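Please view the sequence and the model together, then read the points below.

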Amino acid sequence: MATTARTYRTEAIIVRRTDFGEADRIVTLYTAAYGKVRAVARGVRRPRSKLGGSLELFSHTEAQLARGRDLDIITQAEIVRAYHHLRDDLWRTSLACYAAELIDRLNEVRQPNPPLFMLLRDTLGYLDEGGSAEALVMRRFEAQLLGLLGYLPELYRCTACSERLQPGRLYYSEASGGALCSDCGPGQQRARPVSVRAIKTLRLLAQKSLDYTTRLQVGAATAVEVEELLQASVTYILERRPRAAEFLGRLKADGLAPAAVRSR
Ligand SMILES: [Zn+2]
C-alpha cells in the first residue's frame, strides 16, 4: 500500500477523541500500518452519521482515510471488534483508557510499529474476555510497550558499572534506566532496593506471550513491586503520571477495584 495514495485503508484502534466544531470529532487512531494517525470524522456527532458507532474509544475498526493537509479525513469505518464486555465494567474500561493514553502519548505520528498495534489489540481483547489475570496482562502491556519503543529498563546488567547482575541485593532506578548492582545502587539518584524476584518477573513480562503471562504465578508482594517499578519508569519517561493512572488510583482508594487488587 503506497503511502502517497490519496486514500488508504488500515485496521485501527481509536485511542483518543475530541469534539471539534459543531458535529465533528478529531480522532486519534493507532493504525496497524502507519502507527499513530490524527484524523477528522466529519459530522460524526449527528444522530444519523454512518461513522458513529465505529469510532468509539478503543473500538477496533477497519478505516478508510483520505489524506488531508493537516489532518486526514475518515471517510469510512467498519467495526472489527467493539469490546462490548469491557465497556460494562468500570475497572476494565479504566485499564483500557490507561493503555490508550500510553499509546497516544508515547508515540509520534506516523511511526509504524505493527507489533505495538497487536500488543494493544490483544491486551484489549483480554480485558474484554474478562480473564482474571488482568493486572499481570497490564504489566506485560507496559513492559512490552516500553520495549517496542526502545525504553525498556535494563534488567540484566547494572546500569552504572555494566556488570552482569548477581543474585543478592539489587536496586532499581528509573532515572538511571533500570537495575543497579549492590555496589552502585546506594549512590544512585532515585535508586530503591528491589527483589531478585521482581527483576525476574519483569524479564518474563517483557518477553513472553499473553498466554504465558496469564498462567504466571506471581506473589502479591512481587506484583506490587513490579507495578511500582513499571509505573515509576512510565512516569519518568512521560515526565508526568498518566491521567488514567490517577483515576485508577482513585478507584482503588474508593474500593471500586476488584477484590484481588484491593487486598494488596
Ligand atoms: Zn554496578
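At 1.5 Å a residue, helix 4 (residues 134–148), with its 15 residues, should span 21 Å, and its end C-alpha atoms agree with this at 20 Å apart. The expected span is 1.5 Å times one less than the number of residues, and helices are DSSP runs (H or I, at least four residues) numbered from the N terminus. The model is predicted: local features need pLDDT of at least 70, side-chain atom pairs count only at pLDDT 80 or more, and totals for chains, interfaces and linings use all residues. Residues are numbered from 1 along each chain as its sequence is written.

**Helix 4**
- Because 11 of its 15 residues are buried, helix 4 is largely enclosed by the rest of the structure; a buried residue has 20 or more other C-beta atoms within 10 Å of its own, C-beta atoms being placed from the backbone.
- Among the buried residues are L136, F141 and L145.
- The buried residues of helix 4 pack against partners including helix 2, helix 3 (114–129) and helix 7 (220–238).

**Helix 2 and D104**
- D104 lies in helix 2 and counts as partly exposed because it has 16 C-beta neighbours inside 10 Å, the partly exposed class falling between buried and exposed (12 or fewer).
- Beyond neighbours within four places in sequence, D104 is in contact (C-beta atoms, placed from the backbone, within 7 Å) with V15, R16 and T28.
- D104 and R16 are 88 residues apart in sequence, yet their C-alpha atoms are 7.4 Å apart.

Methods
Helix = DSSP H or I, 4+ residues; strand = E, 2+ residues; numbered from the N terminus. Contact = placed C-beta atoms within 7 Å.
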